[in-house]
Amino acid sequence: METKRTIGYICPACGRPVLGERTAFALTASVAAVICDCGKGRFLSEPTETGARLTVPCGLCGKEHRAEVDQKALLQGPGIALSCPETGRLCCYIGPEEAVTARMEELAIAQEKEKRAEQEETAFLDSIIMYEVLSEVKEIAQRGGISCGCGSHDYQIAIRRTAVDLTCAACGTVLRLPAATDEDLDSLCCRYTLQIPGKKP
Ligand SMILES: [Zn+2]
Ligand SMILES: [Zn+2]
Ligand SMILES: [Zn+2]
């Protein structure tokens, strides 16, 4: 049976994992390409005297990386993992089908998690609720309604992902106002004053 190698990478254009199988012959005889369904991600392997020169589309940084590999590593053994010089993480695998498929699944899951984390980071900064909560806090502040149990009227406002923190400048006590749901906004709207629960001097 002829040796086959599976090539896997994440397409930088559409973000999908791309897997392709090529025979050892195809990888050594001429230029072999593994192209994403979207037509943009394009992995290339060109034969050299000692192995192959690879062009790897990188789903982690969006660029293209080049690497030279020797023929033995390319065609035999556990396979090759290529890392992205920008992020330092692995972005392309070449080897036995099972191993490459498993590693690609891990890569896709890690990628997905990162994307979600990024979205969550920014999710509330531009949300309507956060905006409304902040303007409500400002209104209460304008009528001098924010104070601390320690007697201070100085405080700092910090925006968290799902809340607004009022920190007393004198004693450091924090009043956290949740700012994620309609209920959070409603319960703030009926407050005439806000008191940071600082200790009495
Ligand atoms: Zn693609
Ligand atoms: Zn990269
Ligand atoms: Zn205080």
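**Exercise 1. Ala158**

Task: State where Ala158 lies, and decide whether Ala158 is buried or exposed.

Solution. The model is a predicted one. Step one is the location: Ala158 belongs to strand 10, which covers residues 155-159. Step two is the neighbour count: Ala158 has 11 C-beta neighbours inside 10 Å. A residue with 12 or fewer is exposed, so Ala158 counts as exposed. Step three is the surroundings. Leaving out residues up to four places away in sequence, Ala158 touches Asp165 and Thr167. Arg176 is 18 residues from Ala158 in sequence, and their C-alpha atoms are 9.5 Å apart.

**Exercise 2. Thr101**

Task: Find the helix that holds Thr101, and name the residues in contact with Thr101, leaving aside neighbours within four places in sequence.

Solution. Thr101 is placed in helix 3, residues 97-123. Apart from those sequence neighbours, Thr101 is in contact with Thr6 and Leu19. Thr6 is 95 residues from Thr101 along the chain, yet 8.2 Å separates their C-alpha atoms.

**Exercise 3. Helix 4 and helix 5**

Task: Describe how helix 4 and helix 5 are arranged, and classify the residues of their contact.

Solution. Helix 4 spans residues 128-142 and helix 5 spans residues 182-189. Their axes are 10 Å apart, at an angle of about 10 degrees. Angles under 35 degrees count as roughly parallel, and the two helices are therefore roughly parallel to each other. Helix 4 contributes Ile129, Glu132, Val133 and Glu136 to the contact, while helix 5 contributes Asp184, Leu185, Leu188 and Cys189. Sorted by class, the contact has five nonpolar residues, three charged residues and no polar ones.

**Exercise 4. The whole chain**

Task: Explain why the chain is described as more spread out than a compact globule, and give its domains.

Solution. Begin with the elements: the chain has five helices and 13 strands. For 201 residues the globule rule gives 17 Å, but the radius of gyration is 28 Å, well over that value, so the chain is more spread out than a compact globule. The C-alpha trace spans about 80 × 30 × 25 Å along its principal axes. The domain assignment gives domain 1 (4-122) and domain 2 (128-196). The C-alpha centres of these two domains are 50 Å apart. Finally, buried residues make up 23% of the 201 residues.

Note on methods:
Residues numbered from 1 in each chain as written. Chains lettered and ligands numbered in written order. Predicted model: local features only at pLDDT ≥ 70, side-chain atom pairs only at ≥ 80, totals over all residues. Domains from an automatic or database assignment. Helix = DSSP H or I, 4+ residues; strand = E, 2+ residues; numbered from the N terminus. Rg over C-alpha atoms; globule rule 2.2 N^0.38 Å. Buried ≥ 20, exposed ≤ 12 C-beta atoms within 10 Å, placed from the backbone. Axes fitted to C-alpha atoms, helices over the stretch in contact; angles between N-to-C directions. Parallel < 35°, antiparallel > 145°, perpendicular 65-115°, else oblique. Contact = placed C-beta atoms within 7 Å. Nonpolar A, V, L, I, M, F, W, Y, C, P; charged D, E, K, R; others polar.
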